[in-house]
Amino acid sequence: MGPTDSLAHYAITIISKDRPGIVADTTEVLYRLGCNIEDSSCTMLGGDFAMILIVTHEKPFAKSRLAEEFKALQERTGLAVHLRTLHEDELIHSQEEGELCLISVYGSDQPGIVYRVTRALADRGVNITDLNTRLIGTKSEPVYVLMLEAILPQGMTVEDTAAMLESLRSELKVEIGVRAITPVSL
Amino acid sequence: MPEQKILLYPHPLLKRPARSVERIDDEIRALVTDLIDTMHAGPGSVGVAAPQIGVSLRVCVVDVSASRHGKDNNHGLLVMINPVILAGHGAAVMREGCMSVPDYTGDVQRFTDITVGFTTEDGDPRELQASGFEAVAIQHEMDHLDGMLFLDRIVSLKTGLFRRKSYK
């Protein structure tokens with residue numbers, strides 16, 4: 001694994017009632033302990049703020065130090081933290097080569113939209129890299145919106161993907177759009 | 001000289017506005033050759049600006065004719081000295097990446113149609129209209145001449161749809 005051999009990796013997830021200062025409180029703990037944030041994604045979900053971080057620390061490092069610091073933070077601020085050690089085989093990312101596409105699905109709210117769409121994608125080996133859902137519209141006419149980004153397997157086109165999802169469009173009575181968003185290198 | 005090494009951010013030249021070319025001499029012609037060679041050497045590269053190879057002068061090359069997005073709508077190889085955008089219309093978002101900022105991409109909004117004026121390698125003034133991917137590539141390379149990276153222009157982390165609820 002080369003240089004990662006000397007680093008301990010942890011996955012941290014935090015969900016807290018939203019307020020200013022959640023990121024600052026969390027990263028202050030990490031900074032004081034000498035942890036590096038390698039990768040992170042944080043966003044508002046409903047009235048909560050959710051954080052997912054991959055952090056590293058030079059070995060030797062005791063996970064209990066992180067746990068203790070976060071326990072203290074939790075007692076002080078109410079932030080709930082979940083901590084997990086990442087193992088070596090989780091650190092290797094596969095370099096996918098297929099087309100990157102954005103799939104939008106929206107329509108009257110009903111159970112199973114996310115499940116049906118993602119099952120169809122999974123069965124064809126489509127790898128989701130990002131996904132957001134939101135309930136919009138009015139109480140009497142709720143509308144569900146699902147937006148996801150996914151890497152198609154080698155050889156599969158945007159048109160193939162749209163065709164594959166076509167039956168779900170009529171079955172679930174939702175709009176489904178598939179657009180290529182493969183980055184252009186300049 | 002053949003292909004040159006592409007400078008990576010945080011090299012300071014990438015954030016410094018480049019100087020105008022005052023006279024097209026052998027030095028500038030050699031620079032143009034280096035830019036073209038460097039562009040052709042980069043896998044899938046459709047443009048290089050002089051600051052990216054360590055020369056702080058307002059020169060860039062663009063050629064989208066071999067690319068998937070630009071093959072049906074392009075002016076072939078463009079060598080642009082002191083280029084200026086004279087007019088820009090329309091707006092479209094594309095996810096851009098840059099050889100000087102590897103392993104990162106972001107959604108950037110650009111004009112869809114531009115009129116660009118520049119001096120050719122032979123010293124002649126030229127004006128042309130570009131659209132689509134060629135227009136995006138020209139704007140991206142011209143940004144390098146002003147010390148701008150696509151990171152300075154990323155428009156959103158997510159679609160606007162997902163932000164509205166928080167305004168209520």
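Let's start at a turn: β2(A) and β3(A) make a hairpin with two residues between them. A:Gly46 sits in that turn, and its phi is positive, about 55 degrees. Keep in mind that everything here comes from a predicted model.

You can pick out facing residues along the way: A:Cys42 stands opposite A:Met51 in β3(A), and A:Asn36 stands opposite A:Thr56 in β3(A).

β3(A) also pairs with strand β1 (residues 7–17) of chain A, again in the antiparallel sense, over eleven bridges. Here A:Leu7 has A:Glu58 of β3(A) as its bridge partner. As background, strands of a sheet pair through backbone hydrogen bonds, either parallel or antiparallel.

Here are some strand pairs side by side, including one that reaches chain B.

| Strand pair | Sense | Bridges |
|---|---|---|
| β1(A) and β3(A) | antiparallel | eleven |
| β6(A) and β7(A) | antiparallel | ten |
| β9(A) and β4(B) | parallel | two |

**Two helices side by side**

Now for the helices. Two packed helices are described by the angle between their axes and the distance between the axes. Helix α1 (residues 22–33) and helix α2 (residues 63–77) of chain A pack at about 150 degrees, and their axes are 11 Å apart. That angle makes α1(A) roughly antiparallel to α2(A), since the cut-off for that label is over 145 degrees. The crossing of α1(A) past α2(A) is right-handed.

Who does the touching? From α1(A) it's A:Asp25, A:Val29 and A:Leu33, while α2(A) brings A:Arg65, A:Leu66, A:Glu69, A:Phe70, A:Leu73 and A:Thr77. Sorted by type, the residues of this contact are five nonpolar, one polar and three charged.

**An open sheet with helices on it**

Further along chain A, four strands form an open sheet in the order β6-β7-β5-β8, with antiparallel pairing. Which strands stand at the edges, and why does each have a side without a neighbour? They are β6 and β8 (174–180) of chain A; each has a single partner strand, so one side of each is left without a neighbour in the sheet. From one strand to the next, the twist averages 15 degrees.

Within this sheet, A:Leu131 stands opposite A:Leu148 in β7(A). Helix α3 (residues 113–123) of chain A packs on the sheet and touches β5 (100–108), β6, β7 and β8 of chain A, with its direction at about 20 degrees to that of β7(A). Helix α4 (residues 158–172) of chain A lies across β5 and β8 of chain A, and runs at about 170 degrees to β8(A).

**Meeting chain B**

Finally, ten residues of chain A are in contact with 21 residues of chain B. On the chain A side, the elements giving two or more residues are β6 (127–137), β7 (142–151) and β9 (184–185). That side is made up of seven nonpolar residues, two polar and one charged. β9(A) runs parallel to strand β4 (residues 92–98) of chain B, and A:Ser185 stands opposite B:Gly97 in β4(B).

Notes: Residues numbered from 1 in each chain as written. Chains lettered and ligands numbered in written order. Predicted model: local features only at pLDDT ≥ 70, side-chain atom pairs only at ≥ 80, totals over all residues. Contact = placed C-beta atoms within 7 Å. Nonpolar A, V, L, I, M, F, W, Y, C, P; charged D, E, K, R; others polar. Pairing = 2+ DSSP bridges. Axes fitted to C-alpha atoms, helices over the stretch in contact; angles between N-to-C directions. Parallel < 35°, antiparallel > 145°, perpendicular 65-115°, else oblique. Left-handed = near helix turned anticlockwise from the far one by under 90°.
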